[in-house]
Each structure stands twice: as structure tokens, then as C-alpha cells.
Amino acid sequence: MDKSHVSRILIVDDEFLHRLPMSEALRQAGFRVEEAEGGLHAWTLLQQERYDLVITDVVMPGMDGFELCETVRRKEEFRHLPIVMATSLDDLSSIERAYQAGATDFITKPIHWGLLGYRMHYILRAARIAQTLADRESELLRTRMEIIRRLGQAAEYRDNETGQHIHRMSHYSALMGQAYGLSRNEQELLQHAAPMHDVGKIGIPDSILLKPGKLTDEEFAIMKTHTTLGGKLLDQEPSLLMRTAHTIALTHHERWDGNGYPHGLARDAIPLLGRICSLADVFDALTSKRPYKQPWTVERALDEINQCSGTAFDPHLVRIFFDILPDILKIKAKFSDPLHDS
Ligand SMILES: [Fe+2]
Ligand SMILES: [Fe+2]
């Protein structure tokens, strides 16, 4: 039999006389078995070798079973490692604590040696399925993020040669979100959705998008539709990320005073993430080269933002932006366009 396909089990127990029959029963059930004399010994082995499952006693001198379980679970790479705790049949509080510590399952003493192998095969199979599902889920998330990033970049390439704009403005947005007090999840959502703010530009003709001079009223009316086009493109998506992107695409040109587009929303009626992206987008647009303008200096751009506090922008967000300016400028330097920036 090919030994590489045999599951490895680590038995953790301070009593040699407890480990002995368990090792024997598991070997007979077709497993490779190794033993640790306590929690600390097991933790050392786990960091050196790869095991498929751990069976641990609860009461041990030094690091006990609960502590071992908690220590293992704190490490991301062991998130799905099955840990089985061996407890006494009548010790219900230990069983509860075992689950709280992150145990996968428990076996009760006295252990029925003939059934132990079946039980471990079952737990391993369930763990393998959980691992496969988790792998697929993270793969799906990675793919989705990548598509989103490229979609945003595709729109940006049309009027910005390097596409660095979306990196800068999404980082500015996330920083502002953090300073505003958004949760970590909301900040990440904002950072990943913001790159799609101008995705609707895909539907704007080059003659308008790349026009070096000022747009006529008619051309500007078409240009404005990149918000609703983006909104349509991202509409009816079930994922929270895409719904957030939809909100941002639709509202990043609304103004605090109600004179923005496409819907002329004012103040708090404009979703917060739209208000944040609006400021981040404008600051970056002002300080970057565009087909119709040279980059402004940071001082001039800040002056403009200050002047537009309460008209174009939410005054509270303007204050936040100035508070975190050193961090904003670090992002600006990190994702600079060497040929274009001031
Ligand atoms: Fe836009
Ligand atoms: Fe933009």
C-alpha cells in the first residue's frame, strides 16, 4: 500500500498506558500513528510534521487538551485540522469546553477500541470535504476579486494610460473609511468596490472620453451617463461586493449640495461610500494628468477641496481627509505615475 495516502494521526496523552491501546487500535484500522506526551510536545510536533488528525486527552500536566486546541486553532494553517478530544462520559462541562476551544468532535471514555477507527475515518472524511469546500470558496473569492479589479482597470485604461488612478483612489477611500470608523470588513468592501466606480465609461464614445478640450453641453450629458451605465452593468448582483460597487458607480458624482448627477441627491441621501469615493476620486483626478488638463499641485488640489467643503463634498469627510493627509500622500507616492504626476 502507498504509505503517502495513509492518514497520520497524532495521539496526545501523558499516560503511556492510555496511548498504547489507542495506537494499537488505530494502526489496526489502517492509520499511521504517532504519539506526544503532552500538549507542548504535540504543539512542537505539529509545527514540524504534517498530521491529518489529532486525538488529545483533556487533563495533562503543562499544556492541557483545551489549551492545545486553542493554540492550534489560533494558527490559520490549522483552521481545518480535525482535533478530537477524549473526555469522560459523564463530564458534560468538558465536552462543552472542548467545542468552545475549537475541537472538531469528542470521544468518550471508556473508548470502544473496535469502533474508534470507524469514527476517525468518518471525521477525516468530513474534514476533507470541509477543506475542499473552503478551498473552492477562497478560489471563487479570489477569481471574483480579480475579475472586479480587471473590469475597473478596463474602464480606467480608456482615459488613463497606467490605471494607477483606481489603485490610488480605492486606497484613499479605504483610508477615509477607516478614519470615519467603518469596520474592517466595510473598509475592505469599499477598497475592492471603489475600483469599479467608472466602469460605465466602457459605454462612452472615445470622441467624448478622450476629447482634449472642454465638452459641449451635449457631450457632457453623454459623459454623465457613465454613472447610470455603470449602475446598470452592476445591477442585480447578489454579492455584497457587487451591490456596493453598484452604489458607488451610481453615486460617486452626486454632490453634498444636491447639484450632482445622475439623481441630484443631497447630503445624507447620498450613500456614505459614494460620498467617500467622490472626494477620493476628485483629489486624484485633480492631481493627475488627464487628456484635458495637466496635473495640479497637491496644495492647489487641497485648496479646491477645502473650498468645495459643504458644496461638492460632505464637510465631515473633508475634515477627515485633511486629518489623514500624511497617509493619503504616502499612497499617492506609492502608486505614482512617473510620467504624469506633479
Ligand atoms: Fe466617474
Ligand atoms: Fe475615477
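The model is predicted. The whole structure contains zero disulfides and 16 salt bridges. It also holds two cavities of 30 Å³ or more.

**Cysteines**

- Cys 308 takes part in no disulfide, and the nearest cysteine sulfur, which belongs to Cys 277, is 17 Å away.
- Cys 308 is buried because its relative accessibility of 16% falls under the 20% limit.
- Cys 69 is likewise counted as buried, with a relative accessibility of 0%.

**Salt bridges**

- Lys 109 and Asp 57 form a salt bridge in which the closest N and O atoms are 2.8 Å apart.
- Lys 109 belongs to strand 5 (residues 105-109) and Asp 57 to strand 3 (residues 53-57), so this pair ties together parts that are 52 residues apart in sequence.
- Within this pair, Lys 109 is partly exposed at a relative accessible area of 28%, whereas Asp 57 is buried at 6%.
- Asp 198 pairs with Lys 201 in another salt bridge, with 3.0 Å between the closest N and O atoms; both residues are buried.
- The side chains of Arg 275 and Asp 268 meet in a salt bridge at 3.8 Å, N to O.
- Arg 275 is buried, with a relative accessible area of 12%, while Asp 268 is exposed, with 60%.
- Elsewhere, Arg 8, Glu 34 and Glu 49 are joined into one network by salt bridges that share partners.

**Largest cavity**

- The largest cavity has a volume of about 50 Å³.
- Its lining includes Arg 275, the residue that forms a salt bridge with Asp 268.
- Other lining residues include Glu 254, Arg 255, Trp 256, Phe 313 and Asp 314.
- Helix 11 (residues 272-286) gives the most to this lining, with three residues.
- By class, the lining of the largest cavity comprises six nonpolar, one polar and four charged residues.

**Second largest cavity**

- The lining of the second largest cavity divides into five nonpolar, one polar and two charged residues.

Definitions and conventions: Residues numbered from 1 in each chain as written. Chains lettered and ligands numbered in written order. Predicted model: local features only at pLDDT ≥ 70, side-chain atom pairs only at ≥ 80, totals over all residues. Heavy atoms only, no water. Disulfide = S-S within 2.5 Å. Buried < 20%, exposed > 50% of the residue type's maximum accessible area, 1.4 Å probe, protein only. Salt bridge = Lys/Arg side-chain N within 4 Å of Asp/Glu carboxyl O. Helix = DSSP H or I, 4+ residues; strand = E, 2+ residues; numbered from the N terminus. 1 Å grid on protein atoms, 1.4 Å probe; cavity = no way out; pocket = protein on both sides within 12 Å on 5 of 7 lines; lining within 4 Å. Points joined across faces, edges and corners; volume = space filled by probe spheres on them. Nonpolar A, V, L, I, M, F, W, Y, C, P; charged D, E, K, R; others polar.
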